[in-house]
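I opened this notebook to record a few look-ups in one structure. The entries follow the order in which I made them.

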Amino acid sequence: ATKVFCNLMTEYYNSYDDLSALATFLNREGDTKLARTIDLTWKEEVLAAQERNGRDIELSENEICMLYGTTLLGMMIVEDFAFTLQIGDGDIVFSDSDTVNYVVNADKLLGVETYSLATENAWKNAVTGIFNKELTTGLPYMYLLSTDGFANSFANRTDFLNTCKDYFKL
């Protein structure tokens with residue numbers, strides 16, 4: 001899933017001469033067109049890997065995708081903005097010397113349930129954000145992308161965010 005995200009973002013970056021036009025596209029189409037392309041491409045990659053590795057088992061395409069189910073956190077940082085995409089659980093956090101905040105607020109389901117790329121129309125659960133921030137403005141700062149297991153290892157949200165702040169200080 002990460003490879004698919006990175007390849008598509010590189011493709012988009014290379015096809016736009018004007019970063020403001022790319023930002024406009026991602027702002028308008030990130031949670032629809034881009035997320036749908038990631039969803040479909042990931043599923044194609046999973047099925048190709050299954051075939052390439054000679055795993056000849058009697059399962060439907062949906063059942064095969066479920067074997068590889070995953071969530072996805074992705075971020076593209078360029079000169080003028082940062083773009084984030086999230087499908088499923090995990091956290092994307094921004095920290096600088098003054099603040100620590102979630103970058104996007106993805107839907108949190110109860111318990112260990114989460115959205116997955118393996119589900120039908122997974123792209124509909126994508127949460128995106130675009131942040132107009134020049135790369136060198138307000139340095140230093142940090143983005144931290146982590147699995148849900150990291151945040152879940154703390155007693156509460158405040159302890160998790162304090163630890164993110166500690167990582168920034170390091």
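**Entry 1: basis.** I note at the outset that this is a predicted model.

**Entry 2: the second largest pocket.** I looked up the volume of the second largest pocket and found about 150 Å³. I then listed the residues that line this pocket: Arg36, Asp39, Leu40, Lys43, Leu47, Glu61, Asn62, Cys65, Thr119, Glu120, Asn121 and Trp123. By class, the lining holds 5 charged, 4 nonpolar and 3 polar residues. Which helix gives the most to the lining? I found that α2 does, with 5 residues. Both α2 (19-52) and α3 (61-67) supply at least two lining residues each.

**Entry 3: a salt bridge in the lining.** I searched for salt bridges and the count came to 1. The pair is lysine 43 and aspartate 39, whose side chains meet at 2.7 Å, N to O. I recorded both residues in helix α2, 4 residues apart, which is about one turn of the helix. Are the two partners buried or exposed? Lysine 43 counts as buried because its relative accessibility is 16%, below the cut-off of 20%. Aspartate 39 has a relative accessible area of 2% and is therefore buried.

**Entry 4: a nonpolar surface patch.** I next looked for nonpolar patches and noted one of about 260 Å², made by Ile57, Leu59 and Leu67. I located isoleucine 57 in the loop between α2 and α3. Its relative accessibility is 43%, so isoleucine 57 counts as partly exposed; the class runs between 20% and 50%.

**Entry 5: alanine 35.** I returned to helix α2, where alanine 35 is placed. With a relative accessible area of 0%, alanine 35 is buried.

**Entry 6: phenylalanine 160.** I found phenylalanine 160 in helix α5, which spans residues 157-169. Phenylalanine 160 counts as buried, because its relative accessibility is 1%. How far apart are the C-alpha atoms of phenylalanine 160 and phenylalanine 150? I recorded a separation of 8.1 Å for this pair, which is 10 residues apart along the chain.

Note on methods:
Residues are numbered from 1 along each chain as its sequence is written. This is a predicted model: local features need pLDDT of at least 70, side-chain atom pairs count only at pLDDT 80 or more; totals for chains, interfaces and linings use all residues. Side-chain values use heavy atoms; hydrogens and water are left out. On a 1 Å grid over the protein atoms alone, a cavity is a set of points where a 1.4 Å probe fits but cannot get out, and a pocket is an open set with protein on both sides within 12 Å along at least five of seven lines; lining residues have an atom within 4 Å of a point. Grid points are joined across faces, edges and corners, and a volume is the space filled by probe spheres set on the points. Ala, Val, Leu, Ile, Met, Phe, Trp, Tyr, Cys and Pro count as nonpolar, Asp, Glu, Lys and Arg as charged, and the others, Gly among them, as polar. Patches are made of residues with over 30% relative accessible area and no salt bridge: like charges are joined within 9 Å, nonpolar side chains (Val, Leu, Ile, Met, Phe, Trp, Tyr) within 5 Å. Accessible areas come from the Shrake-Rupley method with a 1.4 Å probe; for residues, only the protein chains shown count as cover. A salt bridge is a side-chain nitrogen of Lys or Arg within 4 Å of a carboxyl oxygen of Asp or Glu. Buried means under 20% relative accessible area, exposed over 50%, partly exposed in between (1.4 Å probe, protein chains only).
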